[in-house]
Amino acid sequence: MDAFTPEELEQARILFARPATFVMGCAKIEQLPDPDLPEIAFAGRSNVGKSSLINGLVGMHKLARASNEPGRTREVNFFDLDGKMRLVDLPGYGWAKASKSTVKKFQDLGRDYLRGRVTLKRVYLLIDARHGLKSVDTEALDALDLAAVSYQIVLTKADKLKKGEAEKVQAETLKAIAKRPAAFPAVIVTSAEKGDGMPELRAEIMRTTGVEL
């Protein structure tokens, strides 16, 4: 991956400082908004920090609502960034408490969105840097490869690791996805709490969507 120029980082900072609003939550594929803007989606295990990451990207504390009960995101949630793109929060996976039928319903909703969304530019798959890729994540990677949707792995909560450990997990993750057909060959290390990696993630999203100021 080419390094971002200072200009790219600044343009992305300006873009994500613009107004971001919650549009809607969809429980059925028929409820999705018209595909009239470029979209990037966030996926990951329950409790991986999706809400915190989305809030960190746009500099707002309560745009995406985090829950104390993992697995509460059971709809596809859409957020508008100044009318230029949509950020999409997909249902989390790996719930321990939900029934199998409930899990299947929300997983199917996510898969339907991935398969049929022409404006979807990339999925950012969030992985907790403390744990790395788990078997439940491998199922998500398989589904994304099958749907032929471009995806990129973002390691979250890197501030919880000792110095040097995040780079090790980053290298291991890159190696694990090397032969996966739909995986983008770069892993971004982030901390929503400390702000680490967020400028690069904003610039990556801006580059991926082709959005201009």
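Predicted model: local features only at pLDDT ≥ 70, side-chain atom pairs only at ≥ 80, totals over all residues.
**View 1. Leu57 and the residues around it.** Leu57 belongs to helix α2, and, leaving aside residues up to four places away in sequence, Leu57 touches Phe16, Phe42, Met198, Leu201, Arg202 and Ile205. Between Leu57 and Ala17 there are 8.6 Å in space, C-alpha to C-alpha, although the two are 40 residues apart in sequence.

**View 2. The packing of helix α2 against helix α6.** Helix α2, which covers residues 50-58, packs with helix α6, residues 198-209, at an angle of about 80°, and the axes of the two helices are 10 Å apart. Because angles of 65 to 115 degrees count as roughly perpendicular, α2 and α6 are therefore described as roughly perpendicular to each other. On the α2 side the contact is made by Leu53, Gly56 and Leu57, and on the α6 side by Met198, Leu201, Arg202 and Ile205; the residues of this contact divide into five nonpolar, one polar and one charged.

View 3. Seven strands, in the order β1-β3-β4-β2-β5-β6-β7, form an open sheet whose pairing is mixed. The edge strands, each of which pairs on one side only, are β1 (20-26) and β7 (188-189). Helix α2 lies across β1, β2, β3, β4 and β5, and runs at about 145° to β2.

**View 4. The pairing of strands β3 and β4.** Strand β3 (residues 76-81) and strand β4 (residues 85-89) run antiparallel and are joined by five bridges. Within this view, Phe79 stands opposite Leu87 in β4.

Conventions: Residues numbered from 1 in each chain as written. Heavy atoms only, no water. Axes fitted to C-alpha atoms, helices over the stretch in contact; angles between N-to-C directions. Helix = DSSP H or I, 4+ residues; strand = E, 2+ residues; numbered from the N terminus. Parallel < 35°, antiparallel > 145°, perpendicular 65-115°, else oblique. Contact = heavy atoms within 4.5 Å. Nonpolar A, V, L, I, M, F, W, Y, C, P; charged D, E, K, R; others polar. Pairing = 2+ DSSP bridges.
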